[in-house]
Amino acid sequence: MNLVRRLTFLLRPSWVILAAVVVAFAYLCFTVLAPWQLGKNNTTSHRNKLIAASVDATPVDVTTLLNDPAAKDTEWRRVIATGTYVPGSTVVERLQRLNDNPAFGILSTFRLDDGRTLLVDRGLLAAADGIRLPPIPEPPAGSQRIEARVRKSEGVTPGKDPMTQDGYRQVYSIDTGQLASVLNEPLTTIPTGGPGGYLELTDHQPGAFTPTPLPQLDAGPYLSYGLQWIAFGIMAPLGLGYFVYAEIRERRRERGVTATAPATESASPATPSTPTREPTNAERLADRYGNAR
């Protein structure tokens with residue numbers, strides 16, 4: 001019971017609010033912030049493994065993947081496709097960068113020998129004068145054999161709808177569903193285990209411009225950030241415990257001073273007594289934490 005009485009100060013609003021903030025912060029660290037960063041680390045590491053494995057892998061015929069709807073982890077895999085480019089199917093992807101300068105992504109469709117049509121990213125074309133869309137050569141006619149990498153659809157950019165400008169249909173991201181509507185043509189997507197896939201041409205291929213560079217094989221800072229959030233989630237309750245301990249220790253010291261004061265006065269009756277008063281809360285706080293004035 002004595003211990004319970006000593007801890008009643010924790011029921012004051014200031015301590016209750018502090019405890020609630022600490023608990024909420026620790027909960028977010030362990031359930032949201034740390035998993036968010038660790039999840040990004042796992043995703044990046046998995047992507048790096050797929051890219052590294054694809055560099056030396058032998059390209060496979062794209063129909064092998066198309067005929068396996070359950071295929072997954074196919075992004076970055078090198079494939080070969082045989083067919084013809086569809087005339088007049090050029091679409092421009094806006095707001096791209098090439099060597100840190102403005103550029104445009106050039107997209108077209110490619111009809112396989114079996115009749116299925118795939119979306120192809122032909123690469124990047126530098127902007128004319130840094131701002132304008134340059135002339136875009138049509139892809140070569142006739143039967144072509146192209147080598148490419150499988151990429152997942154990027155999704156649709158909210159608030160940025162397709163447009164027609166400078167004589168070309170233009171989009172802000174590569175999404176096979178949106179581009180099928182823009183082209184008014186059904187597109188066959190490559191199974192990836194996630195968003196539908198398309199082809200990204202490698203260097204020196206028929207109809208290719210400058211390929212989009214492969215991502216750096218760097219896991220990034222996500223692992224360290226995740227561990228930091230875990231550390232913060234542990235340190236916050238420990239910090240609260242320290243402040244509770246400090247408050248209990250200070251209150252014990254004050255009670256000891258109050259208890260010894262009468263004994264000191266009775267030991268020296270000849271000394272003129274000096275009237276004393278109980279310090280106010282403001283004076284106690286100023287003595288404990290320093291006067292803010």
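This is a predicted model: local features need pLDDT of at least 70, side-chain atom pairs count only at pLDDT 80 or more; totals for chains, interfaces and linings use all residues.
Me: Where is M235 placed?

Reply: M235 sits in helix α5, which runs over residues 222-266.

Me: Which residues make a nonpolar surface patch with M235?

Reply: F25 and F232 do; together with M235 they make a patch of about 280 Å². Ring pairs also link F25 and F232 with W229 into a cluster.

Me: Which residues does the UniProt "transmembrane region" annotation cover?

Reply: According to the unreviewed UniProt entry, that annotation covers residues 15-38 and 222-245. You can then look at each span in the model. Residues 15-38 are 100% helix and 0% strand, with end C-alpha atoms 33 Å apart. Residues 222-245 are likewise 100% helix and 0% strand, and their end C-alpha atoms lie 35 Å apart.

Me: How many aromatic pairs are there, and how should I read one?

Reply: A pair of aromatic rings is described by the distance of the centres and the angle of the planes. The structure holds 4 such aromatic pairs. One of them joins Y85 and F110: the centres are 5.1 Å apart, the planes make 80°, and the pair is edge-to-face. Y85 belongs to strand β2 and F110 to strand β4 (residues 101-112), so this pair ties together parts that are 25 residues apart in sequence. Both Y85 and F110 are buried. Another edge-to-face pair is formed by Y242 and F243, at 5.8 Å centre to centre with 65° between the planes.

Me: Back to strand β2, then. Is R78 in that strand buried or exposed?

Reply: Here the cut-off that matters is the one for buried, under 20% relative accessible area. R78 has 19% relative accessibility, and therefore counts as buried. R78 lies in strand β2, which covers residues 78-85.

Me: Which side chain does R78 contact?

Reply: The side chain of R78 is joined to that of E147 by a polar contact of 2.9 Å.

Me: What about a loop residue such as L133: is L133 buried or exposed?

Reply: L133 lies in the loop between β5 (117-126) and β6 (144-152). Its relative accessible area is 13%, so L133 is buried.

Me: How far apart are L133 and V92, in sequence and in space?

Reply: In sequence, L133 and V92 are 41 residues apart, while in space they are 9.1 Å apart, C-alpha to C-alpha.

Conventions
Residues are numbered from 1 along each chain as its sequence is written. Side-chain values use heavy atoms; hydrogens and water are left out. Patches are made of residues with over 30% relative accessible area and no salt bridge: like charges are joined within 9 Å, nonpolar side chains (Val, Leu, Ile, Met, Phe, Trp, Tyr) within 5 Å. Accessible areas come from the Shrake-Rupley method with a 1.4 Å probe; for residues, only the protein chains shown count as cover. A salt bridge is a side-chain nitrogen of Lys or Arg within 4 Å of a carboxyl oxygen of Asp or Glu. Helices (H or I, at least four residues) and strands (E, at least two) are DSSP runs, numbered from the N terminus. Buried means under 20% relative accessible area, exposed over 50%, partly exposed in between (1.4 Å probe, protein chains only). A polar contact is a pair of N or O atoms within 3.5 Å; within protein, one must be able to donate a hydrogen and the other to accept it, and residues adjacent in sequence count only if both atoms are side-chain atoms. UniProt positions are given in the numbering used here, feature names are shortened, and annotations may be inferred rather than shown by experiment. Rings of Phe, Tyr and Trp (its six-membered ring) pair if their centres lie within 6.5 Å; planes under 30 degrees apart count as stacked, over 60 as edge-to-face and the rest as tilted.
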